[in-house]
Amino acid sequence: MKQAKRSFLVIGLGRFGESITKTLASLDHEVMVIDKDEAKVNKVADLVTQAVHADATDESVLKELGVSNLDEAIVAIGDDIQASILTTLILKDMGFERIVVKAKNDYHGRVLEKIGADVIIHPEKDMGIRVAHSILSGNIIDFIELSPDYSLVEVAASQTMNGKSLKELNLRAKYGCTVLAIKPKDEEKINISPSANDMVKAGDVLVLVGTNRDLSKLEQELLDESLTREFR
Ligand code: ATP
């Protein structure tokens, strides 16, 4: 399904901002970028709708550019925490519907929360958590923290799950986790909100939601199973 075209303002073209910019542009969204480093602006100029060399903490420049006509803003300024906070405040005052901001550390994140940033991203920390879960259990493909207590995981069904229905696996009773979807190993189609009688094959991807404690029980069990197989 093709997504509706949206418009974004990306401020800061470090590795994080550049990667967001390229992805949004490749998906055909309208992207305006601003960076105070001219070379970084030139590097993506051909890919985006508008590339501007400017200091984003200068409110008059942002007004002149008419950035408030855009749907969402992403502030990807890294080291200069003061500039990141000031830019977020200005964008907030301009009435942006949603502002996503990259935080350098927890203190930065807390200030951003206080001034009304809608989404705060800690790229290194978040990626570290995801990679650790995926390293620990070869079966965990992705791990997204939804809140301090709940997460969403993508798990590759193990050999012991092979040929069993969701009812037989009984993941809700055993681990308190709900299966939101099954992505069959060899098919494009995704089974959204599967029923109890739907079958699972080893290698199918199960999308699960649950508390972190329950999910880590499942993760441990999958790890034990793969270690048992490895040393058998
Ligand atoms: P990454 O880890 O994503 O590579 P980083 O955390 O090291 O980035 P910086 O390189 O410090 O972050 O900043 C990201 C970008 O933000 C840089 O290209 C920098 O020029 C730009 N930037 C910093 N301050 C401003 C500002 N006031 N206005 C516009 N751009 C800015």
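The model is predicted, so local features need pLDDT of at least 70 and side-chain atom pairs count only at pLDDT 80 or more, while totals for chains, interfaces and linings use all residues. Residues are numbered from 1 along each chain as its sequence is written, and side-chain values use heavy atoms, with hydrogens and water left out.

**The ligand site**

Select the ligand and the 20 residues around it, of which Arg15, Phe16, Asp35, Asp55 and Lys102 come nearest (near means one heavy atom within 4 Å). This shell comprises 7 nonpolar, 4 polar and 9 charged residues (Ala, Val, Leu, Ile, Met, Phe, Trp, Tyr, Cys and Pro count as nonpolar, Asp, Glu, Lys and Arg as charged, and the others, Gly among them, as polar).

Next, display arginine 15, where a polar backbone atom is 2.7 Å from an oxygen atom of the ligand. At alanine 56, a backbone N or O atom lies 2.9 Å from a nitrogen atom of the ligand. Lysine 104 places a side-chain N or O atom 3.3 Å from a ligand oxygen atom. The protein buries 87% of the 640 Å² that the ligand exposes when taken alone (Shrake-Rupley method, 1.4 Å probe).

**Two loop residues**

Most residues other than glycine have a negative phi. Aspartate 28 belongs to the loop between helix H1 (15–26) and strand E2 (30–35) (DSSP runs, helices H or I of at least four residues and strands E of at least two, numbered from the N terminus). With 48% relative accessibility, aspartate 28 counts as partly exposed (between buried, under 20%, and exposed, over 50%, with a 1.4 Å probe and protein chains only).

Finally, select asparagine 170, in the loop between helix H7 (166–169) and helix H8 (171–175). Asparagine 170 has a positive phi of about 55° although it is not a glycine, and its 38% relative accessibility makes it partly exposed.

How values were computed:
Polar contact = N/O pair within 3.5 Å; in protein donor to acceptor, adjacent residues only side chain to side chain.
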